[in-house]
Amino acid sequence: MTQTRCLGVTLLLILAAVLHQGFATVAPPTTAQTTAAPHKEPGRPEKGNYKVTSSNGTTCLLASMGLQLNITFNSVSQNKTVQDVVNLQPNMTKGSGSCDPDNATLRLSMDAEKKINLTFFFSLNTTTNKFHLSEVSLSAAWPDMKEPFSADNASLDYLRGTLGFSYMCHEQQTLNVAQDLSIDTFQVQVQPFGLTGDQFGAAEECQLDEDDMLIPIIVGAALAGLVLIVLLAYLIGRKRSHAGYQTI
């Protein structure tokens, strides 16, 4: 019995170590910033809902997401390069855009103290019927900037989906646009092509969401396997103990 208990404890310790290592592996890596300014983190951004209509008045693009901008710029007040994090505020943001058969654009403009113009470009591969976010452009003018900020990247491959379906991702994602610009997205659902009316098509979930659902399943299966192993070890040990007391 003592050996059986020791075996159970050992297996529990091994499982705990493996699970700890697994969670450490899936945790998103942190990237050290070379120069950062002390600032108050804005917290999780509010989710905004945006719609683009075509020339005939039909909805051709739907998007629902929270957006957080990470911008590195030259500061007037600190006289050095700093990093700032700003949430796009839906109640102060105007959405517009345009749609073509294989290209769609969503423009988001915030004309507050920190003027922001953010544009997402989506492309559709008509051969494979797959779409993706192919380009992001940002211009900004803040009081503390020495000069207006601008960044653009036309070779991106994010938010991939299938024509007629919407792309969905509840987990936080980081879109690396340029060396001085990245965009964190929260609770994204977007469909730039193949809409029928004002409703999203069936959602295709991102890999991050699938992984998040898979971890509890793996942990549950591992715990069930451990319980079975300990139970079998107990039964075998008990059987051997009874056999040892049989008289000849």
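A residue counts as buried under 20% relative accessible area, as exposed over 50% and as partly exposed in between, with a 1.4 Å probe and protein chains only. By this scale D157, at 44% relative accessibility, is partly exposed.

The model is predicted, so local features need pLDDT of at least 70 and side-chain atom pairs count only at pLDDT 80 or more, while totals for chains, interfaces and linings use all residues. Residues are numbered from 1 along each chain as its sequence is written, and side-chain values use heavy atoms, with hydrogens and water left out.

**Overall**

The protein has two helices and 13 strands; these are DSSP runs numbered from the N terminus, helices being H or I with at least four residues and strands E with at least two. Of its 248 residues, 35% count as buried. The accessible surface comes to about 14900 Å², and 55% of it belongs to carbon and sulfur atoms; areas come from the Shrake-Rupley method with a 1.4 Å probe. Contact means heavy atoms within 4.5 Å. Among contacts between residues at least 6 apart in sequence, 56% join residues at least 24 apart.

**Nonpolar core**

A nonpolar core is a set of buried Ala, Val, Leu, Ile, Met, Phe, Trp, Tyr and Cys residues joined through side-chain atoms within 4.5 Å. The largest one has 43 residues, and the members that touch the most others are I71, L106, I116, L118, F120, F122 and I183. Strand β2 (residues 59-75) gives the largest share of this core, eight residues. Leaving out residues up to four places away in sequence, F120 touches M65, L67, A104, T105, L106, L108, L133, E135, V136 and L175. In soluble globular proteins, nonpolar side chains tend to be buried together.

**Salt bridges**

A salt bridge is a side-chain nitrogen of Lys or Arg within 4 Å of a carboxyl oxygen of Asp or Glu. The structure holds three.

| Pair | Closest N and O atoms |
|---|---|
| K114 and D84 | 3.1 Å |
| D111 and K115 | 2.6 Å |

K114 is partly exposed at 27% relative accessible area, whereas D84 is buried at 15%. In the pair of D111 and K115, D111 is exposed at 61% relative accessibility and K115 is partly exposed at 40%.
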